[in-house]
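Have a look first, then we'll talk about what the words mean.

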Amino acid sequence: MRGRPGGPLISAALLYIALQLSSMDPPGDPLPAGWLVEAAMTLPQSAIPLSPLQALVRSRRYLVSQSTLCATLLIVHVCASWVTEARHRRKLVVPEGEVSSVPRKEGRRTYLYILFTMSVTLWILCVRIAMEEMRLGIWQNMSYFDVVTSAMFFQFSLYISVRLAHRGFTFGELGLVAFGATIIFMELINLTIAKLWPASTKFIKTVRLPNPLLIYQLALIAGSLLTGFLLSPLLYLSRHIAQRPVRRLRYPQEKQKHRRLLALGFYAGALVIVGGLVGLWTAWCLGGRNPWVYIVLWMLEGRTQWTRPGLLLYWAVLISISVAGWTRQLARGRRFRQWNVRTTSYAGSSGGETRGAPHSPRYGASFGQPGYGSTGSQQAQQSQSQAQQQFQGQQQQQHPQIGANIPVTLNATTGGVSPNASGGELSDTGTVGEGSGPLGLRLPNLPDLPNGANLSNVATDLLDAADKHVPTLSVNARRKFFHALAVVMFVPGIAVDPAFTHLAFSAGFALFTFTEYVRYFALYPLGAAVHLFMNEFLDAKDGGTAILSHFYLLTGCANSVWFEGPSRLLQFTGTLVLGIGDALASIAGKRLGRHRWFAANPKTVEGSAAFVASVCLCAWLMRAFGIVEEFSVGRYAVVGTLAAGLEAFSVQNDNLTLPLYMWAMLVLGNVVAA
């Protein structure tokens, strides 16, 4: 239940910011300083025109009511689940692997949930009317339409999230994700209503300022989700065909052809929806301006003409290098795990003398051994091939969504077979002798370097020495690389042009959504490649069918910018917390941690201390260099300590909950104002 107060806490912080700005004399500008973007839309035709700040205050009062409404709905669902489970627990005979309270048929399950959703919505509407009659003021900032629409969509989001990302959410994460989806949906609805009936609409009821940044965010995020919803039949068929064994298909020889046609239909449909429906709505909200031309021209309106194109090029280069580098190294790392088996087999058949000289992967034997420059031991290769063929059928069942053969490796220690996605640590069995590298690996070609005859072999051994280190990286170390990448990417963007970074975050979320479509639904031709790449970075928290960690990392860094707080320090909160604090806490806890908070908790006191110290130090350095404004270091340290406590004792995904909590506490604690 720890995640339930998240929505009301964030809503209260947003309202507090708006009230602070309105209490100034003269009232403050709700648009953060240094943001180069058009002014917010207003409704001059309304009976009582409101300024953007006045409309923002009323919208955030509405948000507080909406957050408590969603929290109440979540409690109702939990209580109903407890009652249902208790009633069905009396049934002693239940088929293995099933829950008696959940109907076996998908249609009946959906029908019962729709019936329950409508019943709960009707009950919450009656409560809203009763509160109005009793003059209690609860949920009075929401109209009947807002109550019904928010309640229906929130419960719809709960169901879709659980069905598509089965076992992918904790209770708190599910509540936050559904609440965030409801906010986006209601902003989309209210902005559309304001454009349709400007005279009868009192104000534009959006949580953020209704400027082009919000319009593009709604188009990108809501548009990407709408695309998946409208094209769900094609996505379902693609996943169904990829999962189904060839022998059970009606036309097995047509499997690849059908997959290509379904993928082509999805890509073409996505272009039509994005370019047609979403594009037309965006142009309508922009006052008839072409959204594609507008965004190109807006990119040239930064601090200088080339600031935003330069940032875009900088991000593109970093992403390309990171993805290409990891793809190459992970692929070569998989091959090295196969080469390591070949080395062990050769050494076992030739005696202990050769055991200390690993094979060169491309040339079989090491320098000075018979057959150097050949393809290696044929017996070892045949043994490895037979083991891979035996494991191939099992891998097709474990990874059905990719619809392709999963490369497997032989475990050099046990002699068994393991999937490439294990990411386990491998150790070199050879002895360190002449030509050993910094990793303790023999580089037999190095003594011949002055001769210049084996330069290609030297390069091969150097690459192999580097590749041997990649599989030894734990999953945690691989994941923290992307936390560091977030710092390198996002800190310059927020410092130079936060408005453009705001839009880039929205585009990144839409890109991640389409990438997950490709991976989860096995869309040709990239579904298998994306699945294998992302499988190398999964940990215990990615136990669901959908992979959400990269979404959490992006939104954790982006929310601090999307909230459009007036302080530069607040805008850096997500990146500092995840890119520096959380990453260093994990590293320090694993390497230096000696004192756990309690026996069953893997988090350590040393890791929490590293979190507080690193975040506070980075914030202080940014203040010293003039990147952020003056703030109370003491209060910042107190909030950092509270966030470290949440990180230590919560079971939620840190990437999602930690930045939101610390951002809200920094606002409510008046860290910057002090």
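Q: Why does glutamate 187 count as buried?
A: Buried means under 20% relative accessible area, exposed means over 50%, and partly exposed is in between (1.4 Å probe, protein chains only). Glutamate 187 has a relative accessibility of 1%, so it counts as buried. You'll find glutamate 187 in helix α5. Helices here are DSSP runs (H or I, at least four residues), just as strands are (E, at least two), numbered from the N terminus.

Q: What kind of model is this, and how are things numbered and counted?
A: It's a predicted model, where local features need pLDDT of at least 70, side-chain atom pairs count only at pLDDT 80 or more, and totals for chains, interfaces and linings use all residues. Residues are numbered from 1 along each chain as its sequence is written, and side-chain values use heavy atoms, with hydrogens and water left out.

Q: How confident is the predictor in this protein?
A: pLDDT is the predictor's confidence in each residue, from 0 to 100. The average for the protein is 79, and 75% of the residues score at least 70. Residues 345-384 stay under 50, with 69 contacts beyond four places in sequence. Residues 390-453 are also below 50, and that stretch has 118 contacts beyond near neighbours in sequence. Where pLDDT is low, the predicted coordinates should not be read in detail.

Q: What makes the link between glutamate 187 and arginine 208 a polar contact?
A: A polar contact is a pair of N or O atoms within 3.5 Å; within protein, one must be able to donate a hydrogen and the other to accept it, and residues adjacent in sequence count only if both atoms are side-chain atoms. The side chains of glutamate 187 and arginine 208 make such a contact at 3.0 Å. The glutamate 187 side chain also reaches the backbone nitrogen of valine 207 at 3.0 Å. Arginine 208 has a side-chain polar contact with glutamine 217 too, at 2.5 Å.

Q: Which residues does arginine 208 touch, away from its sequence neighbours?
A: Contact means heavy atoms within 4.5 Å. Leaving aside neighbours within four places, arginine 208 is in contact with residues including Leu56, Trp562 and Glu564.

Q: How do you know whether asparagine 670 is buried, exposed or partly exposed?
A: Its relative accessible area is 22%, so asparagine 670 is partly exposed. Asparagine 670 lies in the segment after α21 (654-668).

Q: Why are α2 and α3 called oblique?
A: Angles under 35 degrees count as roughly parallel, over 145 as roughly antiparallel, 65 to 115 as roughly perpendicular and the rest as oblique. The axes of α2 (residues 52-88) and α3 (residues 106-133) cross at roughly 130 degrees and come within 11 Å. α2 and α3 are therefore oblique to each other. Those axes are lines fitted to C-alpha atoms, for helices over the stretch in contact, with angles from 0 to 180 degrees between N-to-C directions.
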